[in-house]
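Please look through the structure below with the text beside it, residue by residue where names are given.

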There are 2 protein chains.
Amino acid sequence: MSEIRQDPTTKEWVIIASNRVKRPHDFVKKRQKRSLLPYEPSCPFCLGNEYLSPEEILRYPTEGSSSWRVRVVNNKYPALVPQGSTQLTEEADFFTKMDGVGAHDVIIETPLHNRFIPLMEDQEVEELLTVYRERYNQLSRDPRVKLIIIFKNHGGGAGTSLIHPHSQLVATPVVSAELKRQFEVAMAHYNDTGRCLYQDIIDHELKVGERIVMDTEGFVVFHPFASRMPFETWIMPKKRQTSFGKIPTKDLANLAQVLRITLLKLYLSLHDPDFNYTIHTVPVGDESKDYYLWHIQIVPRLTSIAGFEIGSGMYINATFPEETADFIRNFKL
Amino acid sequence: MSEIRQDPTTKEWVIIASNRVKRPHDFVKKRQKRSLLPYEPSCPFCLGNEYLSPEEILRYPTEGSSSWRVRVVNNKYPALVPQGSTQLTEEADFFTKMDGVGAHDVIIETPLHNRFIPLMEDQEVEELLTVYRERYNQLSRDPRVKLIIIFKNHGGGAGTSLIHPHSQLVATPVVSAELKRQFEVAMAHYNDTGRCLYQDIIDHELKVGERIVMDTEGFVVFHPFASRMPFETWIMPKKRQTSFGKIPTKDLANLAQVLRITLLKLYLSLHDPDFNYTIHTVPVGDESKDYYLWHIQIVPRLTSIAGFEIGSGMYINATFPEETADFIRNFKL
């Protein structure tokens, strides 16, 4: 029997269609293996090819060498740029628009073409997270910036043609309607109950237990109750942390380890699937409020987003998150 | 310069990133041509293979023959089924769910494997629309059904592995949060102004003119102001028609012609791109209200839905709809 489940953070419904007879191991497809060397002559992100990438914004250099560990560059085709006005204008006294003001970074995670996050040392992942936080905090000082979205596309099915490990950051002068609704849902819960909705989710996920993948001192990893896609995974801090920009340095090592192990389990058990992840965090200016917990949402791209999803906003998920969580929890590294 | 535009129906922002230097003709990619015969022995939707498809719900037979023109069958892997209760239940006194109650039809549009809508006669398209309307009205009589979503996935990039021309219908016992918000936006506009938001959109699109692709007596076809993806196309009735279920029979011939020509222009100019379309219509029970216009949204799948879109709900579109509309408007059949 299928179930219709409501995501408590969006109030959106998800159809979990078990009669589509997909079991977790059905997603372990034979994929064409990505057979990559550490250096690819034509890759703009590889060590030695820096001249191929756009203007550099930030670099973590390797001491005593001309090499580097992480670089941040402008996106070659930026969606948003710093120049322009955030004044709303109208077309035909009806349609609303503004200049495409903001920022669009590419974070080159490693000089090595084939060093995916799950294959890194924890310390390298920690440094990547430090760069995310640094750019978040630099950009959030621009009064025009209202929201900062840090995300990663891995593989063609996840929307990138460049396989060299990289993430992106987009700083926007608006809060998307979809995220605005999520913040409103969380604020309403906070006003009604005095509790953080996301803390309540962690508490109930831990109480149910079936969807937990990993539970460490600082972070919980689980496949959410209303997972939109098979193996959707959320990483959430246990401590009250509203904004990713305010994450304490002492927590970054634990987060790096949790993120690496989570991605490594997906990488090994599902044979390097394409995936996206996004860091969800409060709008700029709401950092001191308690209604939210920043967190990471990982979405492997094992099934398609089709007409039903685009047209309705609901997803049909062919597996129960209890089953995928069990599969990942029991996968031995 | 990029622009950030607001979709008046969802209040969602879309980034139109012109500096990604995509012009309409850049999407005319060399695709592997679908080279198909009218009959494919293993296809469950082909004439003569009816025993391969699930239970038949409806058939438009060919007079004086055992053949048929359109069939409706159950989805082999239904997301929702008629059995079950729409009672909400809770898990751990926190998470909300219900049985997966509803219906999930597959509409086999033609007995011929390679007869895509743009290649049909207008009369065949009209009959397909008649079947949509018939199933809509049958299912809307079930008091548990709150929303009926009719959609089409064409091609692998649009989420289907079966190329034989078919559409789907999902009847749900809930209204999705995303569509609920769209209905609320339209209702607020109606309450504030006394006018239908969608009628206002048509009026302003016609006034601006630049995004209009076709303007007939009964329907307007345009690339919306805040198009999420390149060549996104909306077909909207000019007359006040709230629900697709109530479309008058006399309007179906005009709609069929407009839909066929719209899809034919995309088919020829972009070389048979993968696409989705969805019929947007009011929730069951709201048919007599005036705040909405049913319409068809066509979304060619020429670019990816990546981490930014999944994480924020906003889209980055690499072309201006004014340019794609101009390209299609001037494409000669």
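B:Ala103 is buried because 23 other C-beta atoms lie within 10 Å of its own, where a residue counts as buried with 20 or more such atoms, exposed with 12 or fewer and partly exposed in between, the C-beta atoms being placed from the backbone. This is a predicted model, in which local features need pLDDT of at least 70 and side-chain atom pairs count only at pLDDT 80 or more, while totals for chains, interfaces and linings use all residues. Residues are numbered from 1 along each chain as its sequence is written, and chains are lettered from A, with ligands numbered from 1, in the order in which they are written.

B:Ala103 belongs to strand S7 (residues 103–108) of chain B; strands (E, at least two residues) and helices (H or I, at least four) are DSSP runs numbered from the N terminus. Leaving aside residues up to four places away in sequence, B:Ala103 touches B:Leu80, B:Pro82, B:Leu139 and B:Ala171, a contact being a pair of residues whose C-beta atoms, placed from the backbone, lie within 7 Å.

In the largest nonpolar core, which has 190 residues, A:Ile148 and B:Ile148 touch the most other members; such a core is a set of buried Ala, Val, Leu, Ile, Met, Phe, Trp, Tyr and Cys residues joined through C-beta atoms within 7 Å. With residues up to four places away again not counted, the contacts of A:Ile148 are A:Tyr136, A:Leu139, A:Ser140, A:Leu169, A:Ala171 and A:Val284.

Turning to chain A as a whole, its secondary structure consists of six helices and 15 strands. Its radius of gyration, taken over C-alpha atoms, is 20 Å, close to the 20 Å that the globule rule gives for 333 residues, so chain A is as compact as a globular protein of that length; the rule is 2.2 Å times the number of residues to the power 0.38. Buried residues make up 50% of the 333 residues in chain A.

The contact between the chains takes 66 residues from chain A and 66 residues from chain B. Across it, strand S6 (residues 95–99) of chain A and strand S1 (residues 3–6) of chain B run antiparallel and are joined by three bridges, pairing being assigned if DSSP finds at least two bridges, and A:Met98 stands opposite B:Ile4. Because 100% of the interface residues of chain B are also interface residues in chain A, the copies meet through the same surface.

Notes: Two residues are in contact if their C-beta atoms, placed from the backbone, lie within 7 Å.
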